[in-house]
Each structure stands twice: as C-alpha cells, then as structure tokens.
Amino acid sequence: MADSAEEKQRRIVEARLKLRERFFEKMKQSPAQSDEKPQGAGPANRHGMPKLPIGQHETEKWPVLDLGVKPEVAQDTWKLTIDGAVEEPVELDFAQLLKLPQVEEQSDFHCVTAWSLMDSTWSGVQFSTLAALARPRDDARFVMTYAYDGYTTNLPLEEALKDDVLVVYARNREPLSREHGGPVRMITPQLYAWKGAKWLKRIEFMKEDRQGFWEVRGYSNSAHPWRDDRYS
Ligand SMILES: Nc1nc2c(c(=O)[nH]1)N[C@H]1C(S)=C(S)[C@@H](COP(=O)(O)O)O[C@H]1N2
Ligand SMILES: [Mo]
C-alpha cells in the first residue's frame, strides 16, 4: 500500500534532521572559526570564480528535493498573491508575470544537504519588481513565501530585495519542470536553496519575523552558505 503523504513527509523530515545532527557532530570536532571572512573558497558573489562554499560539492545533475508531494499547477491556472504589510495587495497570473520587466541571470544554487548546482541561467522577474508593485509599507521588514505543496520559508526583506533573488519560470532557457517547482518558483542564490519556494503561491510582507517549514525544524533562519550557516 502506498504510504500516506504525512508518513512520507515524516520520513523526509527525519532524514534531513539526521543530517543536521551529523553536522553538529562535525562542528564539535573542529575549532571555532571567525566570521570575519566568508568560509569557503571564493567571494560571496563568486562572479566567475569556479569555487564552492565550505562543505559543498558540485553536482552536474540537478537533484529534486521536496516534502514528498509535487503539486501539479498548470501555467494557465497558476496565480501569485502578494499581500500583508503592503499598500497595494496584488494578484498576478502567468501572462501578467510575463508583462513585467524580465531578467535573465546566471547564478549558483546551494542546497544545505551539500550539493551545489553551478552556473544556471534563470529567466524570470526580480523579487524587487514584485515588491514594487505591491509597495511594502515602511514597517514591512520580513517576507514569508508560501507554496502550492504547503511549504513555507521566510526571509528578511533586505535579502529578498537583492538583485539576484528572482521569481523564475525557466532554467537554461527550458521551462521549469513540475518537479523543480514549475511553473514558477523563487531562487535565493546568496542563501541556501531552501529559502526559494518551488510552486510559488503567495508572498506575504510582515512586520515581525515568523519561521517557515524548515526554520521551525532547526534550519538556520539566516542561511548563509558563505558562512557555513546551515542549522540553528
Ligand atoms: N514548495 C517547496 N519549495 C521548496 C522545497 C519544498 O520541499 N517545497 N524544498 C526546498 C529545498 S530544501 C531545496 S534544496 C530546493 C530544491 O529545489 P529542487 O528540487 O529544484 O532542486 O527547493 C526548496 N524549495
Ligand atoms: Mo535543500
């Protein structure tokens, strides 16, 4: 008999939290390091340096990570809601997303489970463009993103507004497949990849920080790969 979705998710969470335990064991065996410079082999933005953050290895094939469910969201029924602490709540469909200023950007994708997918070309819209549409109020300082599989993840506004944080629909000019979060997902190249929700459904601007799915379960709230900042 097929496992229930809850059972599947429970096992995924258990496996990922075991990785977290192993990381703490390793940390205990190594001396403390200063946070004055990023821990890794290249600059934080990399800019052409073929180097990885500490503890990461490069992958050629793009792995799929989720909570055991891959929601089927058709491009022509996909909708994105932007609300919360904003002047102008927005609802966008795919055609409207395409009418916004489009960007194509190369960046890397670092998963906390230690693989990095380097040099992808992403097509989409900057998060900051979507924010500009909704006009966050002065007291908005954080965002929560919600996905069609029930996943959530939170970000400080200053991270979300970085130029390379995109809401994307294509990688290397191929439409995003369902398993990778198609039709539309978010990417956060300067943070671990769990901060980018696949099957993006809603962006909520918040005055106070709240934690998302993995953050509640002990992943770092800040999630900086260049500081080896994986778990809290
Ligand atoms: N909706 C949703 N988004 C998600 C996840 C998820 O389970 N559900 N997993 C996160 C994690 S841990 C990673 S590493 C990346 C994985 O994206 P990929 O499956 O395309 O490699 O998506 C992130 N976004
Ligand atoms: Mo991940």
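How many residues line the largest cavity, and which of them lie nearest its centre? I will answer that in a moment, after saying what we are looking at. This is a predicted model, in which local features need pLDDT of at least 70 and side-chain atom pairs count only at pLDDT 80 or more, while totals for chains, interfaces and linings use all residues. Residues are numbered from 1 along each chain as its sequence is written, chains are lettered from A and ligands numbered from 1 in the order in which they are written, and side-chain values use heavy atoms, with hydrogens and water left out.

Now to the cavity. A cavity here is a set of points, on a 1 Å grid over the protein atoms alone, where a 1.4 Å probe fits but cannot get out, and its lining residues have an atom within 4 Å of a point. The largest cavity is lined by 23 residues, and Leu65, Arg185, Ala193, Trp194 and Lys198 are those nearest its centre. This lining divides into 16 nonpolar, 2 polar and 5 charged residues, where Ala, Val, Leu, Ile, Met, Phe, Trp, Tyr, Cys and Pro count as nonpolar, Asp, Glu, Lys and Arg as charged, and the others, Gly among them, as polar. The cavity holds about 280 Å³ of space, a volume being the space filled by probe spheres set on the grid points, which are joined across faces, edges and corners.

What takes up the space of the largest cavity? It is ligand 1, where sitting in a cavity requires that more than half of a molecule's atoms lie within 2 Å of its grid points. As for polar contacts, meaning pairs of N or O atoms within 3.5 Å, an oxygen atom of ligand 1 is 2.7 Å from a polar backbone atom of Pro63, and a nitrogen atom of ligand 1 lies 2.8 Å from a polar side-chain atom of Asp149. On its own, ligand 1 has 530 Å² of accessible area, of which the protein covers 99%, as computed by the Shrake-Rupley method with a 1.4 Å probe.

Let me turn to the second largest cavity, which contains about 50 Å³ of space. Its lining includes Asp108, Phe109, His110 and Ile187, and strand E4 (residues 103-110) gives the most to it, with 3 residues; strands are DSSP runs of at least two residues, numbered from the N terminus.

Finally, a point about the backbone: a cis peptide bond, with omega about 15 degrees, joins Gly182 and Pro183, and Pro183 is placed in the loop between strand E9 (174-175) and strand E10 (185-187).

Methods
A polar contact is a pair of N or O atoms within 3.5 Å; within protein, one must be able to donate a hydrogen and the other to accept it, and residues adjacent in sequence count only if both atoms are side-chain atoms. On a 1 Å grid over the protein atoms alone, a cavity is a set of points where a 1.4 Å probe fits but cannot get out, and a pocket is an open set with protein on both sides within 12 Å along at least five of seven lines; lining residues have an atom within 4 Å of a point. Helices (H or I, at least four residues) and strands (E, at least two) are DSSP runs, numbered from the N terminus.
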